[in-house]
Amino acid sequence: MSEPTTVEQYEQLLTELQTIVERLERGELSLAEALHLYERGAELAATCQQLLDMAELRVRQLADG
């Protein structure tokens with residue numbers, strides 16, 4: 001099986017992040033579970049931001065020729 005593309009990777013991470021946000025918003029977790037999910041969510045958000053920054057850089061490079 002081939003490695004996911006950057007777009008596929010971003011979409012997978014964003015889906016996981018959205019699931020975490022939904023679980024946190026329900027407020028049915030223990031404090032320990034909520035902290036664990038918050039930490040994972042922060043990691044996912046940072047990785048998603050890095051992927052977006054890379055995509056923006058690539059678009060700029062393509063636009064500049």
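Predicted model: local features only at pLDDT ≥ 70, side-chain atom pairs only at ≥ 80, totals over all residues.
Q: Which residues does Glu-16 touch, not counting residues up to four places away in sequence?
A: Glu-16 is found in helix H1. It is also one of the H1 residues that make the contact with H2. With residues up to four places away in sequence not counted, Glu-16 touches Arg-40 and Leu-44.

Q: How are the axes of H1 and H2 placed, in terms of distance and crossing angle?
A: Two packed helices are described by the angle between their axes and the distance between the axes. Here H1 covers residues 6-26 and H2 covers residues 31-64. Their axes come within 9 Å and cross at roughly 150°.

Q: Is the crossing of H1 and H2 left-handed or right-handed?
A: The contact includes Leu-13, Leu-17 and Ile-20 of H1, and Leu-44, Cys-48 and Leu-51 of H2. The sense in which H1 passes H2 is left-handed.

Q: How many nonpolar, polar and charged residues does the contact of H1 with H2 have?
A: Among the residues making the contact are Tyr-10 and Leu-14 of H1, and Arg-40 and Gly-41 of H2. By class, the residues of the contact of H1 with H2 are 14 nonpolar, four polar and three charged.

Q: Which element gives the most residues to the largest nonpolar core?
A: The largest nonpolar core consists of seven residues, namely Leu-13, Leu-17, Ile-20, Leu-37, Leu-44, Cys-48 and Leu-51. H1 and H2 are the elements that give two or more residues to this core. With four residues, the element that gives the most is H2.

Q: With which residues is Leu-37 in contact, leaving aside its neighbours within four places in sequence?
A: Leu-37 belongs to the largest nonpolar core. It is also part of the H2 side of the contact with H1. Leaving aside neighbours within four places in sequence, the residues in contact with Leu-37 are Ile-20, Arg-23, Leu-24 and Leu-29.

Q: What distance separates the C-alpha atoms of Glu-22 and Gln-9?
A: Glu-22 has its place in helix H1, and it counts as partly exposed at 45% relative accessibility. Glu-22 and Gln-9 are 13 residues apart along the chain, and their C-alpha atoms are separated by 20 Å.

Q: What is the relative accessibility of Glu-43?
A: Glu-43 is found in helix H2. Its C-alpha atom is separated by 21 Å from that of Leu-57, 14 residues apart along the chain. Glu-43 counts as partly exposed because its relative accessibility is 46%.

Definitions and conventions:
Residues numbered from 1 in each chain as written. Heavy atoms only, no water. Axes fitted to C-alpha atoms, helices over the stretch in contact; angles between N-to-C directions. Left-handed = near helix turned anticlockwise from the far one by under 90°. Contact = heavy atoms within 4.5 Å. Nonpolar A, V, L, I, M, F, W, Y, C, P; charged D, E, K, R; others polar. Core = buried A, V, L, I, M, F, W, Y, C linked by side-chain atoms within 4.5 Å. Buried < 20%, exposed > 50% of the residue type's maximum accessible area, 1.4 Å probe, protein only.
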